[in-house]
Amino acid sequence: MITNAVMDDIHIKSKHWEIERMRKAGKATSAAREAARAAVAPGVTTGYINEVVIETLKKCGAKASFYHQQGYPEYPLYPACVCVSVNDEVIHGIPGSRVICEGDIVSIDVGAEIDGFHGDSAVTVAVGSVSAEAQRLIDVTRECFFKGVEKAVVGNRIRDIAAAVGRHAENAGFSVVRGYTGHGIGRDLHEGPTVPNSLHEHFPDLDVVLVPGMTFCIEPMINMGGHRIRLMPDGWTVKTRDKSLSAHYEHTVLITDSGPELLTE
């Protein structure tokens, strides 16, 4: 049974202007993600990627959705405008002095706010020549997203998306991160519904039926090794427990009668 509390947290965008603002935020998010992707190169610091995102968002007339987000209450607010996670860092890597090297894989996660609405998107980039298995991890993670988005159609349920993402990852021999999920998005960066990447964890939102006007992020986080993760002392950076590589791929999705629309593509 879907509780009223679950449905109350899901905000349907039923007005044309709401959807147009979501599209505008999605375009700014995409521009910042692509600028960051283009800036990734051997010798570049993760802090430089943050500077590129700041400048791009400014040109788009957008604010950084991630800046000063609250995570766990006992830890500081997020101090940057983009998450840059390298190799065994799964998500929420804080940009700084770390130098990106040939052979690394780098996950870029960025959000933009315009006119009170947010977009959110992530991509994992291979730096120069990477191992065949690292490239396969990146490719499968992207494929997992598109397996999920195929199920993002009116009348399906969140569980259909979660099952498709998890099945594809595990059939490829990889594991799905637990404890972190996709999420609804709109006036708030994080709204309902919760969008898991497998059926290994139970969430009430799994049985939510998809209807036109829903906007949420599907974001597979896939590990080369085991699914277990650990939170670092900074209170943000999440790493794989076994130090295996991890990849991340995400778009903001709008549910329409004619199929899913990727607002951040």
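# Exercises on a predicted model

Gly 148 is buried, since its relative accessible area is 0%.

## Exercise 1. The surroundings of Gly 148

Task: Determine in which helix Gly 148 is found and which residues Gly 148 touches, not counting residues up to four places away in sequence.

Solution. 

Step 1. Gly 148 belongs to helix H4.

Step 2. With residues up to four places away in sequence left out, the residues that Gly 148 touches are Ile 161, Ala 164, Val 165 and Ile 218.

Step 3. A further relation concerns Gly 166: in sequence, Gly 148 and Gly 166 are 18 residues apart, while in space their C-alpha atoms are 8.8 Å apart.

## Exercise 2. The packing of H4 and H5

Task: Describe how the axes of helix H4 and helix H5 cross, and state which residues of H4 and H5 make the contact.

Solution. 

Step 1. Two packed helices are described by the angle between their axes and by the distance between those axes.

Step 2. Helix H4 covers residues 132–150 and helix H5 covers residues 158–171; their axes come within 8 Å and cross at roughly 155°. Because angles over 145 degrees count as roughly antiparallel, H4 is roughly antiparallel to H5.

Step 3. The crossing of H4 and H5 is right-handed.

Step 4. On the H4 side, the contact is made by Val 140, Glu 143, Cys 144, Lys 147 and Gly 148. On the H5 side, the contributors are Ile 161, Ala 164, Val 165, His 168 and Ala 169.

Step 5. By class, the residues of the contact of H4 with H5 comprise six nonpolar, two polar and two charged.

## Exercise 3. An aromatic cluster

Task: Identify the geometry of the aromatic pair of Phe 145 and Phe 146, and classify the pair of Phe 146 and Tyr 249.

Solution. 

Step 1. The count of aromatic pairs comes to six. One of them is formed by Phe 145 and Phe 146: the distance is 4.9 Å centre to centre, the angle between the planes is 90°, and the pair is edge-to-face.

Step 2. Phe 145 counts as buried at 0% relative accessibility, whereas Phe 146 counts as partly exposed at 24% relative accessibility.

Step 3. The ring centres of Phe 146 and Tyr 249 are 6.1 Å apart and the planes lie at 45°, so this pair is tilted. The pair links distant parts of the chain, 103 residues apart: Phe 146 is in helix H4, and Tyr 249 is in the loop between strand S13 (246–248) and strand S14 (251–256).

Step 4. Tyr 249 counts as buried, because its relative accessibility is 10%.

Step 5. Together, Phe 145, Phe 146 and Tyr 249 form one aromatic cluster.

## Exercise 4. The contacts of Thr 141

Task: State whether Thr 141 is buried or exposed, and list the residues with which Thr 141 is in contact, leaving aside its neighbours within four places in sequence.

Solution. 

Step 1. Thr 141 is found in helix H4.

Step 2. Its relative accessible area is 1%, so Thr 141 is buried.

Step 3. Apart from neighbours within four places in sequence, Thr 141 is in contact with Pro 220, Ile 222, Ala 247, His 248 and Tyr 249. Tyr 249 is also a member of the aromatic cluster with Phe 145 and Phe 146.

## Exercise 5. The packing of H2 and H3

Task: Give the angle at which helix H2 and helix H3 pack, and the classes of the residues in the contact of H2 with H3.

Solution. 

Step 1. Helix H2 (residues 16–39) and helix H3 (residues 46–59) pack at an angle of about 145°, and their axes are 9 Å apart. The crossing of H2 and H3 is right-handed.

Step 2. H2 contributes Ala 28, Ala 31, Ala 32, Ala 35, Ala 36 and Ala 39 to the contact, and H3 contributes Tyr 48, Ile 49, Val 52, Val 53, Thr 56 and Leu 57.

Step 3. The contact of H2 with H3 has 11 nonpolar residues, one polar residue and no charged residues.

## Exercise 6. Backbone features

Task: Find the value of phi for Asn 87 and the place of Asn 87.

Solution. 

Step 1. Phi of Asn 87 is near 60°, a positive value in a residue other than glycine.

Step 2. Asn 87 lies in the loop between strand S2 (82–86) and strand S3 (89–91). At 17% relative accessibility, Asn 87 counts as buried.

Note on methods: Residues are numbered from 1 along each chain as its sequence is written. This is a predicted model: local features need pLDDT of at least 70, side-chain atom pairs count only at pLDDT 80 or more; totals for chains, interfaces and linings use all residues. Side-chain values use heavy atoms; hydrogens and water are left out. Axes are lines fitted to C-alpha atoms, for helices over the stretch in contact, and angles run from 0 to 180 degrees between N-to-C directions. Helices (H or I, at least four residues) and strands (E, at least two) are DSSP runs, numbered from the N terminus. Angles under 35 degrees count as roughly parallel, over 145 as roughly antiparallel, 65 to 115 as roughly perpendicular and the rest as oblique. A crossing is left-handed if the near helix is turned anticlockwise from the far one by less than a right angle, and right-handed if clockwise. Contact means heavy atoms within 4.5 Å. Ala, Val, Leu, Ile, Met, Phe, Trp, Tyr, Cys and Pro count as nonpolar, Asp, Glu, Lys and Arg as charged, and the others, Gly among them, as polar. Rings of Phe, Tyr and Trp (its six-membered ring) pair if their centres lie within 6.5 Å; planes under 30 degrees apart count as stacked, over 60 as edge-to-face and the rest as tilted. Buried means under 20% relative accessible area, exposed over 50%, partly exposed in between (1.4 Å probe, protein chains only).
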